[in-house]
Structures are given as C-alpha cells and as structure tokens.
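Please find below a short note on the structure shown here, arranged as numbered points.

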Amino acid sequence: MSEKCIDETESLVMSLFLDALMKDAIKHPDKLVPYTEEMSAEVDELLANVVRDKV
C-alpha cells in the first residue's frame, strides 16, 4: 500500500471516528465533562516515557 493511500485511509478513519464522537455528544450532552488540569497531568504522566518513531 502506498504512503498516500495509507494517509487517505487514516484520514477517513479519523473523520469517521470524530463524526461518531460528535453524534454522541449531540445526543448525550450530559455525558460531556470539561478537560481539567488533572486530566492533562495524567496524560502527561502516561506519555512521559513514550518514544515516537520518526516518520
């Protein structure tokens, strides 16, 4: 599979995922919670030792 094809597929999958999230948020706004500093700190801690591959 070519790099362009992979990029297009990843873009489509991301778009479908975000569409599903938006539909759920519209249907169930009561489930939404604000993103907090605590959540951010938890994510930072989880990703602290993650090394990204060079693309």
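1. The radius of gyration is taken over C-alpha atoms, and the globule rule is 2.2 Å times the number of residues to the power 0.38. By that rule a compact globule of 55 residues would have a value near 10 Å, whereas the protein chain has 16 Å. Its C-alpha atoms fill a box of roughly 40 × 35 × 10 Å along the principal axes.

2. The model is predicted: local features need pLDDT of at least 70 and side-chain atom pairs count only at pLDDT 80 or more, while totals for chains, interfaces and linings use all residues. Residues are numbered from 1 along each chain as its sequence is written, and side-chain values use heavy atoms, with hydrogens and water left out.

3. The protein chain has two helices and zero strands (DSSP runs, H or I of at least four residues for helices and E of at least two for strands, numbered from the N terminus). Helix H1 spans residues 3-27 and includes Glu10. Tyr35 is found in the loop between H1 and helix H2 (37-47).

4. Of the 55 residues in the protein chain, 2% are buried (buried is under 20% relative accessible area, exposed over 50%, partly exposed in between, with a 1.4 Å probe and protein chains only). Glu10 is exposed, with a relative accessible area of 53%, and Tyr35 is exposed at 58%.

5. The protein chain has 6 positive and 13 negative side chains (Lys and Arg count as positive, Asp and Glu as negative; His and the chain ends are not counted).

Note on methods:
The place of a charge is taken as NZ of Lys, CZ of Arg, CG of Asp or CD of Glu.
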